Amino acid sequence: MVTTTMREVELLVDYKLPDAEALEKIENKRLVSYIWVGKSGKIQINDSIVQIDDIQVIMYGKRQDLPSVIVSLRVDVGGPMGLVTDIQQELRKAYCLRINYSANIKI
């Protein structure tokens, strides 16, 4: 028998998710790659802060390793919408076309 511990990502950005109006359950969490955008406009992928120009290269590499990757954007409620649009453009260039927008869920 083999056991392992799942490594958690250390958040380096400060963000508060907006409230959700709809919910989409992702069945396989292993397919998800997270991008966090803080209220200051900092972008985090994995355990590092990245620039907008780095997103295409990083996410294309992830897509090569896992062709059915789902990108989950976790953006601060007051985050700059222009930055989100720029991130979406970089994801399109990397052919990462399945994007999930995370939010706080009202129950």
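In this predicted model, strands β2 and β5 run parallel to one another and are joined by six bridges. Within this pairing, I35 has L73 of β5 as its bridge partner. Strand β5 is mostly covered, since five of its six residues are buried. Strand β5 also pairs with β6, again in the parallel sense, over three bridges, and here V71 stands opposite I99 of β6. Together with helix α2, the strands β5 and β6 make a β-α-β unit that is right-handed.

The pairing of β2 with β3 is of the antiparallel kind, with three bridges joining residues 32-37 of β2 to residues 43-45 of β3.

Taken as a whole, the strands form an open sheet of five, arranged in the order β4-β3-β2-β5-β6, and the pairing is mixed. Strands β4 (48-50) and β6 (99-101) stand at the edges, and because each has a single partner strand, one side of each is left without a neighbour in the sheet. From one strand to the next, the twist averages 30 degrees.

Two helices pack on this sheet. Helix α1, which comprises residues 55-65, touches β2, β3, β4 and β5 (70-75), and its direction makes about 25 degrees with that of β3. Helix α2, which comprises residues 81-93, touches β2, β3, β5 and β6, and the direction of α2 makes about 150 degrees with that of β2.

Definitions and conventions: Residues numbered from 1 in each chain as written. Predicted model: local features only at pLDDT ≥ 70, side-chain atom pairs only at ≥ 80, totals over all residues. Heavy atoms only, no water. Pairing = 2+ DSSP bridges. Helix = DSSP H or I, 4+ residues; strand = E, 2+ residues; numbered from the N terminus. Axes fitted to C-alpha atoms, helices over the stretch in contact; angles between N-to-C directions. Contact = heavy atoms within 4.5 Å. Buried < 20%, exposed > 50% of the residue type's maximum accessible area, 1.4 Å probe, protein only. Right-handed = clockwise from strand over helix to strand, strands pointing away.
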